[in-house]
Amino acid sequence: MAPRNPNSEKILDFVVNKGNGIKGLVDTGIETVPDLYILPIEERLLPNNILPYDSIPVIDVSNWDDPKVKESICGAAGKWGFFQIINHGVPLHVLDAVKEAAYRFFGLPYEERNKYWAGNSPTDTVTLKTSFVPQAEAALEWKDYLSFRCSPRDLESFPLWPPVCRDEVVEYMESAKSVIRKLLEVLLEGLKVKQIDKAREYTLMGSPIVNLMYYPHCPNPDFTAGVRPHSDISTLTVLLQDDNGGLYVRATENDSWIHVLPINGALVINIGDILQIMSNDRYKSIEHRVVANRSKDRVSVPIFVNPGPDAVFGPLPEVLESGEQPLYKEVVFSDYFKYFFSKKHDGKKSMDFARI
Ligand SMILES: COc1cc(/C=C/C(=O)SCCNC(=O)CCNC(=O)[C@H](O)C(C)(C)COP(=O)(O)OP(=O)(O)OC[C@H]2O[C@@H](n3cnc4c(N)ncnc43)[C@H](O)[C@@H]2OP(=O)(O)O)ccc1O
Ligand SMILES: O=C(O)CCC(=O)C(=O)O
Ligand SMILES: [Fe+2]
């Protein structure tokens, strides 16, 4: 990474070391995007690269047992890696409450937010961070996020979580659990797995993380990234977005992107690297990126459904039983996670860690 100019060093200190986040910088009233956030032209999302008429599938899951629903889910996981679900059973008021909780947390004064800043937080199950890996990024991402580890054991530290949003995060996670379970059952059935036993459950969903993502309004969103192109490392991700839009998914055509249209009450589902690996490439973890908004603050709430830290995953025996060659080796999830967090968001490069 090239050395940063003195002004960028000052901004980095204010945003990262002093824990103000990009929210704190925007609150100073900046009218242009600082150099520290400017992407090289080849990394920007240009209007010509957006496919205006394409969209990812929207699946009505009111009847999970309907073979057509199962087919749509497995088909979308294989072709698009992304789909939206409606009539999933998570009540609208729970979804609205967790989005409001995100605005409430990021609306707190600096001193209150900063109690949870990475390194200050009273518990490692909740951390406030900015960008992705600021130490490894030439240009930072225009986002702050409050991250909650949500396994049953992590929930023991609930009393230390921020009171302005903790109930809403837990209620959202608890309500989404049955949707996650159903999705995994359908997707695994599509891979000839008959039943998700306790060991498989730990590998598929042992350490979920809920993030409250906050993308403050940006004077020129075209010059910077809310989130750079990346695939998620989860088994799958359940994402609640607000009505501002700004999430783009990579299309099959060279360097073109599809906007994920906000649908009130819908959840966006994407396959993560782990499920691509377990399925030996039958399901696809597709790159996506976020662009901030010029006039409005955007929030989203992903649930990263991750394996337990010591879970070992690789292509499933059921997938390989007909003699198919494994494309990936077996990997411990915590090693994969550390590798992902050791570099900037970089497309699908994390998968090389497991590729044979
Ligand atoms: C996209 O698909 C995903 C995403 C995710 C998960 C998303 C998340 O955002 S989870 C939040 C990050 N994860 C955790 O906090 C989990 C527990 N943490 C760790 O395991 C480690 O922290 C680590 C993520 C592996 C990184 O370890 P390491 O490289 O040793 O660095 P740290 O010790 O964390 O930090 C060193 C130093 O820098 C400060 N810092 C680091 N990053 C930030 C940041 N983004 N913003 C602000 N400050 C940062 C940190 O506080 C330390 O400062 P000190 O003052 O203490 O020295 C899941 C699944 C998916 O599919
Ligand atoms: O904010 C969004 O819409 C997506 C965020 C995302 O892709 C991520 O955090 O991995
Ligand atoms: Fe993502």
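Axes are lines fitted to C-alpha atoms, for helices over the stretch in contact, and angles run from 0 to 180 degrees between N-to-C directions. This briefing concerns a predicted model, in which local features need pLDDT of at least 70 and side-chain atom pairs count only at pLDDT 80 or more, while totals for chains, interfaces and linings use all residues. Residues are numbered from 1 along each chain as its sequence is written, chains are lettered from A and ligands numbered from 1 in the order in which they are written, and side-chain values use heavy atoms, with hydrogens and water left out.

**Packing of two helices**

- Helix H3 (residues 67–79) packs with helix H6 (residues 166–189) at an angle of about 75°, and their axes are 9 Å apart; helices here are DSSP runs of H or I with at least four residues, and strands are runs of E with at least two, numbered from the N terminus.
- H3 and H6 are therefore roughly perpendicular to each other, a term that applies to angles of 65 to 115 degrees.
- H3 brings Lys70, Ile73, Cys74 and Ala77 to the contact, and H6 brings Leu183, Val186, Leu187 and Glu189, where contact means heavy atoms within 4.5 Å.
- By class, this contact of H3 with H6 has six nonpolar, no polar and two charged residues; Ala, Val, Leu, Ile, Met, Phe, Trp, Tyr, Cys and Pro count as nonpolar, Asp, Glu, Lys and Arg as charged, and the others, Gly among them, as polar.

**Surroundings of ligand 1**

- There are 23 residues around ligand 1, and Thr130, Gln135, Tyr145, Ile233 and Ser234 come nearest; a residue is near a molecule if one of its heavy atoms lies within 4 Å of it.
- Oxygen atoms of ligand 1 lie 2.9 Å from a backbone N or O atom of Ser234, 3.1 Å from a backbone N or O atom of Ala118 and 3.3 Å from a polar side-chain atom of Asp232.
- The protein covers 67% of the 1,200 Å² of accessible area that ligand 1 has on its own, as computed by the Shrake-Rupley method with a 1.4 Å probe.
- The shell around ligand 1 divides into 12 nonpolar, nine polar and two charged residues, and S3 gives the largest share, three residues.

**Surroundings of ligand 2**

- Among the residues that surround ligand 2 are Met213, Tyr215, Arg298 and Phe304.
- A polar side-chain atom of Asp232 lies 3.2 Å from an oxygen atom of ligand 2.
- Of the 300 Å² of accessible area that ligand 2 has on its own, the protein covers 94%.

How values were computed
Polar contact = N/O pair within 3.5 Å; in protein donor to acceptor, adjacent residues only side chain to side chain. Parallel < 35°, antiparallel > 145°, perpendicular 65-115°, else oblique.
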